[in-house]
Each structure stands twice: as C-alpha cells, then as structure tokens.
Amino acid sequence: MSETSGKKIAIVLAAGKGKRMGTDMPKQFLHINDKPVLYYSLKAFQDSSIIDEIILVIGKEYQEYCQREILQPNGITKVKTMVEGGAERYDSVYAGLKACKDCSYVFVHDGARPFVTDEIICRCMETVQTAKACVVGMPVKDTIKIADADENIESTPSREKVWMIQTPQVFEYELVYQAYTEMLKSNATGITDDAMVVESFSNQKVKLVKGSYENIKITTPEDIKIAQIFCKKN
Ligand code: CTP
Ligand code: MG
C-alpha cells in the first residue's frame with residue numbers, strides 16, 4: 001500500500017451549488033478583489049513545488065467558462081483534467097479519485113477555500129509521509145456544545161480536544177481510494193469530510209496538521225467580506 005513513487009495530485013472541488021451563500025452564481029466563482037474564489041485555491045497548488053497535477057471537479061456547464069476565464073489567463077497549467085462532480089461532496093471527491101492516475105499522495109481541497117498557503121501544503125506533505133493520512137485544522141476558539149434534538153445542551157467537550165477542520169486533507173492514494181470504495185458500498189450518511197471516510201472505513205488513524213485561522217471556507221455572505229480583508233493584506 002505504500003506506493004510513494006507516484007504523483008502528488010491535488011483534487012480541487014468546485015462542483016457544489018453553494019446553497020448557504022444564496023447567490024445564483026456558485027460561491028467558488030464569486031469575485032474577491034477581481035478574481036474568482038476558485039482562482040486563489042487553484043493558484044496555491046499551481047505554485048506549489050510539491051504538486052504535480054491538479055484534477056478540477058466542476059460542473060460540465062462551468063468547464064468552458066473556467067478554462068477561458070480562470071485557467072488560461074492565469075497560467076494555471078497543472079489542471080490537466082476536469083471531471084464532473086456528483087450530488088454530495090463525497091461523490092465529487094470520488095469522481096476526482098477515480099480520475100487520478102499513477103498517484104502516490106492525494107490532496108483533497110475545497111475550491112471554496114482560497115487562502116491555503118504553500119506552508120500548509122508543505123506541512124501536510126511532511127506529515128503524510130509518516131502518518132499516511134492527515135487533515136488540516138485549527139484548535140477552536142469558542143466553547144463548543146453538543147446539542148440534543150430539542151436544542152438543549154447535552155454536553156461540553158473540553159476545548160483543548162476540539163479542532164475545526166479545514167482542507168487540504170491528504171492521504172496515501174490507495175488508502176483513501178479503498179476507504180471511499182467501502183463507504184460507497186455501505187449506507188453511510190452524514191459524511192462531510194474525507195477524514196470521516198478514512199476514520200470509519202479503514203484502520204488508519206488520521207493525524208491533525210495545523211492550518212491557519214485565515215484558511216477559511218467561503219460559505220455564507222459575511223465570508224466574502226472577511227475574504228476581502230485577508231486578500232488585501234496579502
Ligand atoms: N462540493 C463539490 N460537490 C458537491 C458539494 C460540494 O465539489 N456536491 C465542493 C464545493 O464546491 C466546495 C467544497 O466542496 O468547494 C465544500 O463544500 P461546501 O462548502 O458545502 O459547498 P457547497 O456544497 O457548494 O455549499 P452548500 O453546502 O452551502 O450548498
Ligand atoms: Mg455543501
């Protein structure tokens with residue numbers, strides 16, 4: 001399973017509809033300082049010396065637009081393949097995984113997470129070589145409560161043990177591919193990230209790697225305002 005001589009491939013996910021943002025145009029195409037959110041996410045992997053290739057998971061109806069408006073004018077040459085996504089994030093990830101050829105390590109990244117840095121990508125690479133599976137996250141700042149169905153507090157996990165999870169999520173390719181194949185054969189529900197798939201459908205532990213508090217996912221309208229501030233600063 002430790003096939004480590006193949007390519008390091010980034011799967012960038014841009015096939016979501018962005019329901020929580022509530023705009024007609026999916027959030028990954030909204031502009032921050034004159035460039036689409038997706039541009040920044042792709043550019044980080046384009047510029048990383050670790051990444052050999054990018055697989056972009058994106059709706060068929062946006063592929064031509066993306067080629068013309070994002071990839072071509074900005075020299076994003078590592079996107080060799082665009083594949084259509086699926087109904088759920090995990091379907092889109094699986095579509096990306098199936099398109100990987102000769103891959104040793106795969107970096108799954110949300111296209112709606114524009115401020116991933118080379119430093120974070122490097123930390124992941126270093127960690128995954130020994131840990132086989134790692135995901136980026138940060139310790140939470142707020143106290144987290146677990147609620148019951150009536151919105152009463154059920155419990156309070158100790159804050160030192162609670163992390164908010166970001167992407168990239170990085171794995172040995174065969175490990176994550178097998179785990180996804182098993183998950184899709186099962187009737188699992190509520191899968192919201194890749195770590196969950198490996199946690200539940202393999203025996204591999206998943207290591208946490210520090211990301212950054214700026215590595216936000218654009219999800220709701222106020223995130224656009226925050227992104228504009230982070231973007232001006234850089
Ligand atoms: N994504 C995807 N395919 C899906 C769902 C999500 O490629 N079927 C991508 C999104 O484009 C995004 C990332 O996965 O880059 C994280 O998902 P999320 O923030 O949930 O995006 P959406 O599903 O688009 O938003 P919402 O849940 O608000 O509808
Ligand atoms: Mg979603």
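I pair rings of Phe, Tyr and Trp (its six-membered ring) if their centres lie within 6.5 Å; planes under 30 degrees apart count as stacked, over 60 as edge-to-face and the rest as tilted.

A note on ground rules: this is a predicted model, where local features need pLDDT of at least 70, side-chain atom pairs count only at pLDDT 80 or more, and totals for chains, interfaces and linings use all residues. Residues are numbered from 1 along each chain as its sequence is written, chains are lettered from A and ligands numbered from 1 in the order in which they are written, and side-chain values use heavy atoms, with hydrogens and water left out.

**Entry 1, aromatic pairs.** I counted eight aromatic pairs by the ring rule. In one of them, Y39 and Y40 have ring centres 5.0 Å apart and planes at 70°, so I logged the pair as edge-to-face. Y39 is buried (under 20% relative accessible area; exposed is over 50%, partly exposed in between; 1.4 Å probe, protein chains only), at 11%. Y40 is buried too, at 15%. I then found Y94 and Y180 with centres 6.5 Å apart and planes at 15°, so that pair is stacked.

K35 lies over the face of Y39, 4.8 Å from the ring centre. K141 does likewise over Y213, at 4.2 Å from the ring centre.

Terms used:
A charge sits over a ring if NZ of Lys or CZ of Arg is within 6 Å of the ring centre and within 35 degrees of the ring normal.
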